[in-house]
Amino acid sequence: MGAALRIAGKDLRLRVRDRSVLILGIIAPLVLSYIFYLVFGPAATGQGLSLEYGVVDDDRSEISTSFTAVLEGAAADGILELTTFDESAGAASSLDEGEIDAYFHIPSGLGDSVFANQAATIDVVGDVDSPTSTQIAASFAEQFASGVASSQTAVATAAVVSGQEVTPEFIGSLGQDPASAAMSFSFIDETAATKQLDASTFFAAGMAVFFLFFTVQFGVTGLLEEERQGTLARLMAAPIARVSVITGKAILAFILGVVSMAVLVVATTLLLEADWGAPVGVAVLVIAGVLSAVGIMGLVASVAKTPEGAGNLGAIIAVVLGMLGGTFFPIASSGGILANLTYLTPHAWFMLGLAELGSDAPWTAALPAAAAIMVFALVTGGLSYILLRRRLAQ
Amino acid sequence: MKELTIGWVNIKRMFRERSNIFFVFIFPIALVLLIGVQFGSGFAPGVAIHQAEGDVLSDRVVEALRAEESIEVEVLEDPDEVITAVERGTVQAGVLLPAGMDETASAGDQVEIGLISRTDGTGNQISSVIGAAIAEVMLPVGAAQFAMAETGVGFEESLAVADGVSGSVEPIGVEVSATGEAIFPDTLGQFDLGASSQLVLFVFLTALAGSSALILTRQLGISKRMLSTPTPMRTIILGESLGRFGTALVQGLYIMVLTVAIFSVNWGDPLGAVLILVALSAVGAGAGMLLGSTFSNDQQAGGVGVVLALGLAALGGAMFPLDLFSSTMQRIAHITPHAWALDAYAELVRRGGTTVDILPELGVLFLYAVVLLSLAAWRLRVVITRP
């Protein structure tokens, strides 16, 4: 064990002096998770999406003003930005200038048509370069239209039931607001109670575990570098057991992995307000995750012929597992084969374990996922130990 | 001609390495496919439903959601299974229909329906699809409750009337149009968006990865030896740049041809599309050269290259549509060449633009290329001739 630790210590000094591990192990995941959070965060949270709309009300009826009121309400809630235009020419030129993404045009006569039960439309005119914002604008209008339809149906039903015609007098005689007909149901959003990672934690954790495999690789490929430089033969000639040489490299890889993950957990908690969950549970997951990375990268090193070969194969494995494991975007939701394949990666289990931990679950919630990750670690680690031992014997 | 020879050697070296074949040719296509599957229209996202009781109203809701083409409905026995399915991400949203919906509705009370959605991906959009479908089912119910309260007629009877009336009500239509000679969104294929983003991302990534080959060339002293032959500095620099440029261009053309052949991606005007690629490859070559002449450790350059390539791609809109960026973020995005290239592709694909329409974007891209290549040439001259 002493020899193994000395080998690990020597390699550690080597790696610290060469700043590559710092770049790939800490700076890369930190910078990327910050950028991803900046770019994808608004979409994931539904807040801070840039929706700049205009509205032109040529109708000025009760119905059209209730629509503008809905939009103004959404603007007050910070969901969108709204500019009111007197005529559609103004809105159109503002759209051309790129000041707004889309505008709603309520043509005159809309209110009358609705009361007369005749066809009427709200026009949504969008910027060709803002297809997504335009779609969202259209869904605002559709939602409003469905609310109006519900009032229309309510009034018509009441009229038929009481054997009367729908006239302004009849509408005036109604005791309740027809808009209340839309209140026959409501959604209870229970999403908050589910165990899902929020955007900042998702990106922080995803990038951390993605780059973990690159970080760990620095430790493992050291063996191949020694082989090429000829220092491995000298190590073999010294009174050091083969197991110590292999363990030394594995210990180094483990230390690099754990240190980089620990730094990332603390840094993203402070900088990105990531919420990793119960510290003990996170530690268990991190240790299991690092061990699985050491095992998988050890396997790569044991089949590669040169350090470059190991680096390249390792990169392929790390990228494929990372993508498949859903560290960039959640893979399971695409359904089908991919949704099942994702669980063949330790990455997916790592993310799952963190989601199980949530913000207030006890640390033991991470144990099933950690156990699954340990299966990867033991199988690949055991296999690579056998292969590397055989290789050193030659 | 020596420039071409140096460039050709670089391309050959690149493709002799088998792992590069994976990253240059296999990986991008796999990713286009994956993203197409993930966000495209051909594969409907899943919605899990639990019915606490199979009464009339809840059956109607399930039926309406089943009829919705944009989602794939799955009815589960246990409400916890629905929650787990959303948490695991096997479905994008879950609907929990309470027991006694009929009774609640006929008593004139509000029916409370549980809704869970993914906090990432397309959860938000799916929720609004579900909301619209359920609102349609509940529309006659609301009308019946209204009529019941107004007239005192029983719920059953009111509902029967409301069901009949709801068909004759003329709802407000929503007509969507776009400015200019717009051809979106119907002609935008499932893979169109993904393909141009992937092209921009990968061309740049490959070009930056080329920096490590340049470092190796310098480390092995090949650059110095080339300089000791009657080869002017400018030829070496041009040749090395051509190598990076060539690899990026080959990859870009490959992605274009294959996406057209397999996924029928529409790239718009072919000349314009290729010109954007040429400009982008030149920018990438410049960035790769600058990286390769600034760093002296190929592992460091590789790490910085990955961060730059992925980070700039995310910032530049190659991972998330630019039009959803806030105006500040859009300005920041246009610091990256990615955003300009994507704008140019959008012009070609969405507006049916021609080469003339994308001249401004092409100009900006070539300016990037010139600046980066000049900087790289200067740096390379310094590091090669340094004693």
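1. Let's start with the open sheet: five strands in the order β5(A)-β4(B)-β3(B)-β1(B)-β2(B), with mixed pairing. The edges are taken by β5 (185–189) of chain A and β2 (72–76) of chain B; each has a single partner strand, so one side of each is left without a neighbour in the sheet. On average, neighbouring strands here are turned by 25° against each other, direction ignored. Bear in mind throughout that this is a predicted model.

2. Next, the place where the chains meet within that sheet. β5(A) and β4(B) run parallel and are joined over five bridges. Two pairs to look up on screen: A:D189 has B:L115 as its bridge partner in β4(B), and A:S186 has B:E112. On the chain B side, β3(B) and β4(B) are antiparallel, with four bridges between them; B:A93 is bridged to B:S117 of β4(B). Taken together, β4(B) has a parallel pairing with β5(A) and an antiparallel one with β3(B). As a reminder, strands of a sheet pair through backbone hydrogen bonds in either sense.

3. How many of the residues of β4(B) are buried? Five of its seven, so the strand counts as mostly covered. Part of the cover comes from α4 (79–88) of chain B, which lies across β1, β2, β3 and β4 of chain B and runs at about 165° to β3(B). Helix α3 (residues 56–67) of chain B packs on the sheet as well, touching β1 (46–51), β2 and β3 (93–97) of chain B, and its direction makes about 170° with that of β1(B).

4. Just after the helix, B:G89 takes a positive phi of about 85°.

5. Now the interface as a whole. In total, 90 residues of chain B are in contact with 92 residues of chain A. Elements of chain B that each supply at least two residues to its side include α2 (18–39), β4 (111–117), α7 (155–166), α13 (298–315) and α15 (337–350). Which element gives the most? That is α6(B), with 19 residues. By residue class, the chain B side divides into 48 nonpolar, 30 polar and 12 charged.

6. There is another strand pairing between the chains. Strand β4 (residues 120–126) of chain A pairs with β5(B) in the parallel sense over seven bridges. One of the contacts to check is A:G126, whose bridge partner in β5(B) is B:A178.

7. On overall form, chain B has 16 helices and five strands. Its radius of gyration is 29 Å, well over the 21 Å that the globule rule gives for 387 residues, so the chain is more spread out than a compact globule. Its C-alpha atoms fill a box of roughly 100 × 45 × 40 Å along the principal axes. Of the 387 residues, 52% count as buried. Among contacts between residues at least 6 apart in sequence, 75% join residues at least 24 apart.

8. For chain A, the assignment gives domain 1 (2–43 + 195–393) and domain 2 (49–186), and here the C-alpha centres lie 53 Å apart.

9. A:G2 lies in helix α1 (residues 2–17) of chain A. Is A:G2 buried or exposed? Exposed, because 8 other C-beta atoms lie within 10 Å of its own, and the cut-off for exposed is 12 or fewer. A:G2 and A:A238 are 236 residues apart in sequence and 14 Å apart in space, C-alpha to C-alpha.

Definitions and conventions:
Residues are numbered from 1 along each chain as its sequence is written. Chains are lettered from A and ligands numbered from 1 in the order in which they are written. This is a predicted model: local features need pLDDT of at least 70, side-chain atom pairs count only at pLDDT 80 or more; totals for chains, interfaces and linings use all residues. Two residues are in contact if their C-beta atoms, placed from the backbone, lie within 7 Å. Ala, Val, Leu, Ile, Met, Phe, Trp, Tyr, Cys and Pro count as nonpolar, Asp, Glu, Lys and Arg as charged, and the others, Gly among them, as polar. Two strands pair if DSSP finds at least two bridges between them. Domain bounds come from an automatic or database domain assignment. A residue is buried if 20 or more other C-beta atoms lie within 10 Å of its own, exposed if 12 or fewer, and partly exposed in between; C-beta atoms are placed from the backbone. The radius of gyration is taken over C-alpha atoms; the globule rule is 2.2 Å times the number of residues to the power 0.38. Axes are lines fitted to C-alpha atoms, for helices over the stretch in contact, and angles run from 0 to 180 degrees between N-to-C directions.
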